[in-house]
Each structure stands twice: as structure tokens, then as C-alpha cells.
Amino acid sequence: MNRTDALHVVKESITQVVPDADLAALGPDDAFRDALEMDSLDFLSYIEMLGERTGVRIDDADAPRLTTLSGSADFLVAHAP
């Protein structure tokens, strides 16, 4: 998986969890929870959806790396099959 594909999957996963998310206003290093007003359950749903869509195993310890567009994309590129 390349970075462009990873960002696409990340953005699609976010919009599934937070349908009214303004992704155009979201910077690459903006924390989802602050910028999108994502609560803990939304964030967990996002992580689950990301894992399901990509087949990447995401452990609890990986969650802090998945809080931004850049972090999520980097994680997927590094761990995608």
C-alpha cells in the first residue's frame, strides 16, 4: 500500500464514523479527536474500520500512532500486507 492509497482509506474510514467531518479543513498532523470532535467510541470505531478495510492488525498499543492523517497513513504503509 502506498501513501496515497493509505490516506484514501483513512479518509473513507473517518467519514464512515463521522459523516459530517470536514476533511478539507483537517491538517495532516491535526488530532482527530480535537479537529473532528471525535469521542472515544468514534475513535475505536475508526480503528476497527481501518483494520477491517486494510487487513492490518491494529493492537491497543498502536492507537496513539493513529490519531492523525499522517500517523495513520504512515502506520498503514508500514504494516499493510
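This is a predicted model: local features need pLDDT of at least 70, side-chain atom pairs count only at pLDDT 80 or more; totals for chains, interfaces and linings use all residues.
## How α1 meets α3

Two packed helices are described by the angle between their axes and the distance between the axes. Helix α3 covers residues 40–54. The crossing of α1 past α3 is right-handed.

Which residues make this contact? From α1 come Val-9, Val-10, Glu-12, Ser-13, Ile-14, Gln-16 and Val-17. They meet Asp-42, Ser-45, Tyr-46, Met-49, Leu-50, Arg-53 and Thr-54 of α3. Sorted by type, the residues of this contact are seven nonpolar, four polar and three charged.

## Gly-51 in α3

Gly-51 also sits in helix α3.

Leave aside neighbours within four places in sequence, and Gly-51 is in contact with Val-56 and Ile-58. Gly-51 and Leu-76 are 25 residues apart in sequence. In space, their C-alpha atoms are 9.2 Å apart.

## Ser-72 in α4

Ser-72 belongs to helix α4, residues 69–79.

What does the side chain of Ser-72 reach? It reaches the backbone oxygen of Thr-68, at 2.9 Å. Beyond neighbours within four places in sequence, Ser-72 is in contact with Val-10, Phe-32, Tyr-46, Arg-65, Leu-66 and Thr-67. Among these, Val-10 lies in α1 and Tyr-46 in α3, and both take part in the contact described above.

Key. Residues are numbered from 1 along each chain as its sequence is written. Side-chain values use heavy atoms; hydrogens and water are left out. Helices (H or I, at least four residues) and strands (E, at least two) are DSSP runs, numbered from the N terminus. A polar contact is a pair of N or O atoms within 3.5 Å; within protein, one must be able to donate a hydrogen and the other to accept it, and residues adjacent in sequence count only if both atoms are side-chain atoms. Contact means heavy atoms within 4.5 Å. A crossing is left-handed if the near helix is turned anticlockwise from the far one by less than a right angle, and right-handed if clockwise. Ala, Val, Leu, Ile, Met, Phe, Trp, Tyr, Cys and Pro count as nonpolar, Asp, Glu, Lys and Arg as charged, and the others, Gly among them, as polar.
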